[in-house]
Amino acid sequence: MYDKNNVFFKILQKEIPSEIVYEDEVCMAFRDINPAAKIHVLVITKGCYVNFADFVENESAENVQKFFKSVAHVAEKLGVRESGYRILSNTGRDAGQEVEHFHVHILGGERL
Ligand code: AMP
């Protein structure tokens with residue numbers, strides 16, 4: 001069950017500031033506040049989904065495709081398309097998911 005009382009919903013509403021690097025109709029991308037690599041950006045959905053499974057099961061196929069194309073676009077915009085990068089999405093307790101609003105991490109800018 002999605003709970004709007006989470007930090008990423010507040011970032012989407014611009015109630016909490018963030019360093020936005022890209023935004024379109026399906027996503028917002030901003031720098032992670034506690035970076036685990038030289039480049040560490042989070043891409044979050046504009047729709048309210050708890051995690052990866054919730055997103056792919058309940059969002060339209062068109063918007064799922066748009067979202068992942070946007071993730072690729074953000075990586076290109078960050079300049080890591082050629083050097084390489086890692087994308088990951090923590091889902092649930094065993095993965096240590098901290099924020100229950102679906103998001104993808106983009107990590108790069110150095111050897112991981
Ligand atoms: P996870 O849910 O495990 O994928 O991790 C959530 C990520 O969100 C962590 O890497 C945090 O550093 C990051 N984070 C938490 N609060 C903020 C914030 N206000 N602005 C940017 N990143 C954040």
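**Exercise 1.** How many salt bridges does the count come to?

*Solution.* The count comes to 8 salt bridges, a salt bridge being a side-chain nitrogen of Lys or Arg within 4 Å of a carboxyl oxygen of Asp or Glu. Before going on, note that this is a predicted model, where local features need pLDDT of at least 70, side-chain atom pairs count only at pLDDT 80 or more, and totals for chains, interfaces and linings use all residues. Residues are numbered from 1 along each chain as its sequence is written, and side-chain values use heavy atoms, with hydrogens and water left out.

**Exercise 2.** Which parts does the salt bridge between Arg 31 and Glu 19 tie together?

*Solution.* Start with the contact: the N to O distance between the two side chains is 3.3 Å. Helices (H or I, at least four residues) and strands (E, at least two) are DSSP runs, numbered from the N terminus.

**Exercise 3.** Now try Lys 66 and Glu 25: how far apart are their closest N and O atoms?

*Solution.* Those atoms are 3.3 Å apart. Lys 66 belongs to helix α3 (residues 61-77) and Glu 25 to the loop between β1 and β2, so this pair ties together parts that are 41 residues apart in sequence. Finally, check accessibility (buried is under 20% relative accessible area, exposed over 50%, partly exposed in between, with a 1.4 Å probe and protein chains only). Lys 66 is partly exposed at 29%, while Glu 25 is exposed at 54%.
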